[in-house]
Amino acid sequence: MKEDNCLHAALICLGMLYYSHAITAEKLNHTRPSLHGHHEKGKEGQVLHRSKRGWVWNQFFVIEEYTGPDPVLVGRLHSDIDSGDGNIKYILSGEGAGIIFVIDDKSGNIHATKTLDREERAQYTLTAQAVDRNTNRPLEPPSEFIVKVQDINDNPPEFLHENYHANVPERSNVGTSVIQVTASDADDPTYGNSAKLVYSILEGQPYFSVEAQTGIIRTALPNMDREAKEEYHVVIQAKDMGGHMGGLSGTTKVTITLTDVNDNPPKFPQSVYQMSVSEAAVPGEEVGRVKAKDPDIGENGLVAYSIIDGDGMDMFEITTDYETQEGVVKLKKRLDFETKKSYSLKVEAANVHIDPKFISNGPFKDTVTVKISVEDADEPPVFLKPSYIFEVQENAASGTVVGKVHAKDPDAANSAIRYSIDRHTDLERYFIINAEDGNIKTIKALDREEIAWHNISVFAVEVHKQHQEAKVPVAIKVVDVNDNAPKFAAAYEAFVCENARSNQQFITISADDKDDSANGPRFIFSLPPEIIHNPNFTLRDNRDNTASVLVRREGFSRQKQDLYLLPIVISDGGLPPMSSTNTLTIRVCGCDSNGSLLSCNAEAYILNAGLSTGALIAILACIVILLVIVVLFVTLKRQKKEPLIVFEEEDVRENIITYDDEGGGEEDTEAFDIATLQNPDGINGFIPRKDIKPEYQYMPRPGLRPAPNSVDVDDFINTRIQEADNDPTAPPYDSIQIYGYEGRGSVAGSLSSLESVTTDSDLDYDYLQNWGPRFKKLADLYGSKDTFDDDS
């Protein structure tokens, strides 16, 4: 409690000191109105009179964050006219009046009832007034004053970020700026040192330092190497009160990463690399890899490889794999173990990007020796040429030599070679090859007009090593022989007008020859010698592989002759030449005065005497159709009358009628089906006649329904008999239609029910007992008269 009172007294003293300082400042600046009236000169010498203020007021101060038990005395208002008798009442209004600030209306003492925070609000504007306590009459005009919250150091410095990240190149000079960190203090920077900050480094020495006033972090050691340590963690402190004891502080973490520079040359981990490659390897195949290590990263660690010397510079090459930073040695040309068994290369690895700052660190490259040994391989035969082209005349005799291929074994053993033709490339088997010497011959005649080029493949296989083979393409050109005569280039058909004039050209023809151009054109056109003086037409060779046909005389008549056939001989330019005779069809047509075709039919002049050809054809077609109809009608009439019973393919009774199948008796229990006796046409109770159309429609009786399959045969037959007897539309020989007649000569006889109702049957069925087990069921049904009577 005593400590709180002492603190309170100290704060009041500080407030009074600040108060006296403010009064002195205002007097010096002549900004505060005095307590007594005085004269002021106005414009143009006018003297202004200020009225005397009758009570004392001032600017007040209150310490923030006061936590004492009693309200803080802010200050006291007192009027000059206050005689102390209690007749004057002081009133306080404005910001925080009555809530934060309260006034004793008698003494004028102002107290702060709540703890104030300058960072929340730095000052409050209030209005003071003195009134008569009894009448509330203002004794002084209202006057404003300010209560300022005096700052104390109650806010620690805070950095803008909790964590900072920065980069600086390795090998940087001492004092290189890395990053600037900034902290702020919410306290009043104009009062005391509460907001005066000083930066210091807590962690990160001796690598980095920080400027106390600016917060700039700088490098403190030279030649920091990223390859030794890449990342550093630095802790920076900001402390207020100018860094003196008692000040508040805040910290932040700074992660500093050293960025790479090209300060390390590539180095091979060994001085010699040993590699081997088979002589069977193909160009482009990888032989081996070398790698120079460079601790730098990114583009600073990029290494390019090259071959700078050695006897294998022409046989090998090296490329750079930038993903693995390796040098890939590849084969450039084919190797031959029998010629050279080893090679030596000098390979250099150099940085792609070099930093001039560190050029003094030495050459940024390194060299290594690569020794490559060639391994012997069992090689396949090798043809002396990569491909062969031969020529042979068409129609050459079988066995004609086309050409010869030759291969050898490149190995030291020099094995014998056998040759063969790939029959997939010679399906028609035009050629054969001598397996020993490689001579290719024809088997049958060749036709250039059918196939001008034959492309085959020849295999060469070592005699003792069948798996070692080589393949070479062989192209055989069939040389043309003049064996095809020229022919018309198209199926020509010419037309000549009846009123054609002499020497008038009416068609131009050309020729075509299947032979090569050397044995084809130029073509020569002529008429056969026997008709060279043809009275109707003549031929003119245009000497450009075409010929023109001309009219020799004037006037033609379709009535006399409407068609002419003109043979034309065509010869080619081959050695020896070949020729053929082609026939040109020339029709005589009617034309108008301009030479345009009107009609080429010879019947056009006899149309007036009768019907046209089309009309006659139509009439004849109608007559033929009528005759055909009459013949068909007569044929149908002469056919036998259609049987009364129509056996449809779908009717299962056809089996009984056609094949005289009596069934299996009692033993055939699975085949017995009453449905075979049912007529499909009578399912609905109506059985129409199929030979005579009934005069009226028979309506079935309601009581007659198709018998179920499980009914007794005797009952089923009797029901059908009664139904047929009462059906006026049924024929008298209904037994054949319904049950199917088994044919003459049947041992069982007919099953017809004709006259079975009107006459008593004396037939004895006892003999069915002797027919065997197949007829046992029938014997039981019809074996005695009494049983039959009971069943009916």
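Trainee: Leaving out residues up to four places away in sequence, which residues does Arg448 touch?

Mentor: Keep in mind that this is a predicted model. Setting those sequence neighbours aside, Arg448 touches Glu394, Val478, Val479 and Asp480, and also Lys514, Asp515 and Asp516. Arg448 itself is placed in the loop between β34 (439–442) and β35 (453–462).

Trainee: Is Arg448 buried or exposed?

Mentor: The cut-off for buried is under 20% relative accessible area, and Arg448 counts as buried because its relative accessibility is 15%.

Trainee: Which salt bridges does Arg448 form, and where do the partners sit?

Mentor: The side chains of Asp480 and Arg448 meet in a salt bridge with an N to O distance of 2.9 Å. That pair links distant parts of the chain, 32 residues apart, since Asp480 lies in the loop between β36 (469–479) and β37 (487–488), whereas Arg448 is in the loop between β34 and β35. Asp480 also counts as buried, at 12% relative accessibility. Arg448 forms a salt bridge with Glu449 too, where the closest N and O atoms are 3.2 Å apart, and Glu449 is partly exposed, with a relative accessible area of 23%.

Trainee: How many salt bridges are there in total, and which residues do shared partners join into one network?

Mentor: The count comes to 20 salt bridges, and one network, built from salt bridges that share partners, joins Glu286, Arg289, Asp321 and Glu326.

Trainee: How should I read the disulfides, and how many does the whole structure hold?

Mentor: In general, a disulfide is a covalent bond between the sulfur atoms of two cysteines. A search of the whole structure finds two disulfides. One of them joins Cys497 to Cys591, with an S to S distance of 2.0 Å, and its torsion about the S-S bond is about -85°, so this disulfide is left-handed. Because Cys497 lies in strand β38 (residues 493–497) and Cys591 in strand β44 (residues 579–591), the pair ties together parts that are 94 residues apart in sequence.

Trainee: Which cysteines does the other disulfide join, and what is its handedness?

Mentor: Cys589 is joined to Cys600, at an S to S distance of 1.8 Å, and the torsion about that bond is about 100°, so the disulfide is right-handed. Cys589 counts as buried at 0% relative accessibility, whereas Cys600 is partly exposed, with a relative accessible area of 22%. When the bonded cysteines of the protein are numbered in sequence order, the pairing reads 1-3, 2-4.

Trainee: What is the strand order in the open sheet of four strands, and which strands are at its edges?

Mentor: As a general idea, strands of a sheet pair through backbone hydrogen bonds, either parallel or antiparallel. Here the order is β21-β27-β26-β23, with mixed pairing; β21 and β23 are the edge strands, each pairing on one side only. The twist from one strand to the next averages 30°. Within the sheet, β26 and β27 run antiparallel and are joined by nine bridges, and Ala350 stands opposite Lys365 in β27.

Trainee: Which residues touch the most other members of the largest nonpolar core?

Mentor: That core has 26 residues, and those touching the most other members are Val290, Tyr305, Phe316, Val347, Val370 and Ile372. Elements that give two or more residues to this core include β22 (286–290), β24 (316–321) and β25 (326–331). Beyond four places in sequence, the contacts of Phe316 include Val277, Val287, Ile307, Leu345 and Ile372.

Methods. Residues numbered from 1 in each chain as written. Predicted model: local features only at pLDDT ≥ 70, side-chain atom pairs only at ≥ 80, totals over all residues. Heavy atoms only, no water. Core = buried A, V, L, I, M, F, W, Y, C linked by side-chain atoms within 4.5 Å. Buried < 20%, exposed > 50% of the residue type's maximum accessible area, 1.4 Å probe, protein only. Contact = heavy atoms within 4.5 Å. Pairing = 2+ DSSP bridges. Axes fitted to C-alpha atoms, helices over the stretch in contact; angles between N-to-C directions. Disulfide = S-S within 2.5 Å. Salt bridge = Lys/Arg side-chain N within 4 Å of Asp/Glu carboxyl O.
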